[in-house]
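I opened my notebook today to look up a few things about how this model is put together. Come along and check each entry against the picture.

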2 protein chains.
Amino acid sequence: MLVRSLLHRGHEVRVIDNLSSGQRSDLPDPASEPRLSILQADLREPKAWESQFEGAEAVWHLAANRDIRLGTSRPEIDLEQGTIASFHVIDAARRHAVPRAHLTSSCVVYGLPTVFPTPESYGPLEPQSLYAASKLAAEGLFSAYAHTYGLRSYIFRLANIIDARMNHGVIFDFFEKLKRDPTRLEVLGDGHQAKSYLRTEDCVAGMLLVADRADAKVNIYNLGTLDRISVREIAEKVVRAHGEKARIEFTGGSQGWAGDVPQLLLSIDRASALGWRPPYTSAAAVDRTIAEVAFARGLGR
Amino acid sequence: MLVRSLLHRGHEVRVIDNLSSGQRSDLPDPASEPRLSILQADLREPKAWESQFEGAEAVWHLAANRDIRLGTSRPEIDLEQGTIASFHVIDAARRHAVPRAHLTSSCVVYGLPTVFPTPESYGPLEPQSLYAASKLAAEGLFSAYAHTYGLRSYIFRLANIIDARMNHGVIFDFFEKLKRDPTRLEVLGDGHQAKSYLRTEDCVAGMLLVADRADAKVNIYNLGTLDRISVREIAEKVVRAHGEKARIEFTGGSQGWAGDVPQLLLSIDRASALGWRPPYTSAAAVDRTIAEVAFARGLGR
């Protein structure tokens, strides 16, 4: 989505991706789009990809381990794929004099905040998961490089970002569970977890607007919606879309899993002051995503 | 100092140190202190030292690259000696079921704060140096491990810690410069940088008190003095102690170097609420340290 937006703006785009979670078919075809190149490489091996940075106007660093829970059983995953990969990216930007670096961070850096909506100035930051710790580490690196070497950094603390192509996250998980057993849907936690959900295209539009209009050395912006929706409501919506009368069962506990952040609502006043508003509520973003997933799976026709 | 305090409390102490900045003579002699062992090892190679964690009640992680400015020319230093070393320490604590982990972090995680005295809740955190980024990364790891694996973490955000044994820092640097050229003293920045200085023994006493009395999963505490002193004043004090009429010359600029944090005054309300107060002002801590350094160097006798 970001790649398409950048191409639409007339940029040349060089994608570096290990294609571990995304697929090449998610991207435009470089054969028909001469301003796009795709290099399959591992960020932990900068020699394999850093020549792509030569002459670049900006770098967008979106890569991370996408499975937060995996960090619990394999703690080195987030260090290597998060922190160390981020170091290689921002250090390559320095060595190739790339003037702007963008990072997709996450609301999880706030830990379990006590202020809602949570502003960018909230502290102290107490990451709950190794994934969150790696995002905080990446933020620190992007900040330090901006202040030390003069490049400009953009750090986006994102709410839950959703679309139908994603192969992880609560909506995907619920559909997968119902596919395996249409009679029951197990929900981690007590269902009262309530979070803010933003569509991918709206997130991309927000990042591009902030990148256009903010001009501090380090620019930290929350992006999310103005409301939140509970996991119980999402479960009910998915069950309805699935067209079955599945029984919803809660595993209990206020956190879905170790490292889960059960309450999430970000203040988006900073981005709003620049002129950005999310066009959907969380419920509308979830509804649209569920409808797309159901359609793609041939459900409810 | 921490080692002696822990021994005085009756603990067995296992030191792991690469002795890159400290010296073995700074520590008690294990030959006469059977509860002390010293292992010279590199934290980046956990196989060499992690057996020391077996059965430990607590780990104190004090190691870091001590030369903040070195990170500017060699960015990988703070990643390796800070972030990755901290990962190995906290992960070894998890594997050996050590219930408590203490980290000496730093006021530099606040970046250039706009609130003085700066409270622990200050945000957003914008590290100015790769050293500061590595401290923030270590904080994130200690927080994430506490929330994920159930150990208890203590994170101390320290003001400038000084004593006569240190072989780095502003007082040491000034004495070294005057040794090379007693007629002039070059001071980085405009001299208006004003910071809080805490004696090492007072810092240790503060950490031990917080460790005894705070019992959250993650305990983040500033430790510093209630006042600050300017670099110009320190320069004048060192020149007087040196017994020469050196001319003080300022290089100019509000920051001493890229990554310097020129204004530092931490709120110590949290630690004070537990019963801790620094016994010295910053000026008194500096005076005492200068007197000790001058004595050790045979000056002014």
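Which strands does helix 4 of chain B lie across? I found that helix 4 (residues 130-149) of chain B lies across strand 4, strand 5 and strand 10 of chain B, and runs at about 160° to strand 4 of chain B. For angles, I used axes fitted to C-alpha atoms, for helices over the stretch in contact, and angles run from 0 to 180 degrees between N-to-C directions.

A note on the source: this is a predicted model, where local features need pLDDT of at least 70 and side-chain atom pairs count only at pLDDT 80 or more, while totals for chains, interfaces and linings use all residues. Residues are numbered from 1 along each chain as its sequence is written, and chains are lettered from A and ligands numbered from 1 in the order in which they are written.

**Entry: the sheet of chain B**

I looked up the strand order and found an open sheet of 4 strands, 3-4-5-10, with parallel pairing. Helices (H or I, at least four residues) and strands (E, at least two) are DSSP runs, numbered from the N terminus, and two strands pair if DSSP finds at least two bridges between them. The edge strands are strand 3 (58-61) and strand 10 (218-223) of chain B, as each pairs on one side only. From one strand to the next, the twist averages 15°.

I then checked strand 4 (residues 100-106) and strand 5 (residues 152-158) of chain B, which 7 bridges join. Leu103(B) has Ile155(B) as its bridge partner.

Helix 3 (residues 76-95) of chain B lies across strand 3 and strand 4 of chain B.

**Entry: strand 10 of chain A**

Is this strand buried or exposed? I counted 6 of its 6 residues as buried (20 or more other C-beta atoms within 10 Å of a residue's own, with C-beta atoms placed from the backbone). Val218(A), Ile220(A) and Asn222(A) cover one side, and Asn219(A), Tyr221(A) and Leu223(A) the other. Strand 10 of chain A pairs with strand 5 of chain A in the parallel sense over 6 bridges.

**Entry: where the chains meet**

I found 32 residues of chain B in contact with 32 residues of chain A (C-beta atoms, placed from the backbone, within 7 Å). On the side of chain B that touches chain A, the largest share, 11 residues, comes from helix 4 of chain B.

Note on methods:
Contact = placed C-beta atoms within 7 Å. Buried ≥ 20, exposed ≤ 12 C-beta atoms within 10 Å, placed from the backbone.
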